[in-house]
Amino acid sequence: MSNEDITLTAGDAEVTVLPGNGGRVGSLRVGGVELLRQGERFGCFPMVPWCGRIRDGRFLDGATVRQMPLSSPPHAIHGTARDAAWRTAHTTKNETVITYDLVAPWPHPGRVTQAFALTEDALTLSMSVEAYDSSFPAQIGWHPWFNRNLGEADVQVDFTPAWQEERGEDHLPTGRRIEPLPSPWDDCFGMPDGVDVTLTWPGQLELNIASREEWVVVYDEQEAAVCVEPQTGPPNGLNTLPRLVTPIEPLEAATTWTWRRL
């Protein structure tokens, strides 16, 4: 096993996976056109074992209060796996599986497995979190940075959420659900029938982001990119909507991106 870069191909689609840089997708090219913002912090990284921010970096783990490093002061953000080296378990021409063992500062041993499967018109990302000996709360999500512009018109974001999580001054959900507000967003939305967001670069490409999960964060406040982040719970979810991982029941999630030329 190694953490060398991996290139997957199918038709005119090409994906580069970077196990050594946080297990992220470093590149997604369709017909030679790069869809993801480039740079070591960008591409599409996994958010695990939590998504978005944890208020003050603290969460309740049973009866114990845990403290995570304040990676986005005054909060902890986006988990620990995006800053780690993953290991390659299996690779073919159009599929790969990589793994990451949870270590400190995360308090519980466990394993994260991420799989990537590429076809001519879709990329499916799957992830699971397994507990070795003790149960713990966790979240899974993905944080892709899609280029706002592919050389012509800016991307259009189309989705119909059931609600928006009201965002407080601390950038975290207040617990109130409100009618979805217009862009710009750095906000979490509820889609009870599953995440379904379409990005359209007019005259060029349409890309649909789908997941059985019902939470998605949309971030379009940056000039260079737009982020559409399917996840298993809202920001601060380790405190407000934890998903329990047990030694006999892992936490699993997946998202599929499907594209077509316009």
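I looked first at charges over rings (NZ of Lys or CZ of Arg within 6 Å of the ring centre and within 35 degrees of the ring normal), and found the charged end of Arg-82 over the ring of Phe-45, 5.1 Å from its centre. I also noted Arg-37 over the face of Phe-42, at 3.8 Å from the ring centre.

I note that the model is predicted, so that local features need pLDDT of at least 70 and side-chain atom pairs count only at pLDDT 80 or more, while totals for chains, interfaces and linings use all residues. Residues are numbered from 1 along each chain as its sequence is written, and side-chain values use heavy atoms, with hydrogens and water left out.

I then searched the whole structure for aromatic pairs (rings of Phe, Tyr and Trp, the last by its six-membered ring, with centres within 6.5 Å; planes under 30 degrees apart are stacked, over 60 edge-to-face, the rest tilted), and the search gave eleven. Phe-159 and Phe-189 are edge-to-face, because their ring centres lie 5.0 Å apart and their planes stand at 90°. Phe-159, at 13% relative accessible area, is buried (under 20%; exposed is over 50%, partly exposed in between, with a 1.4 Å probe and protein chains only), and Phe-189 is buried at 0%.

I recorded one aromatic cluster formed by Trp-50, Phe-59, Trp-106 and Phe-136.
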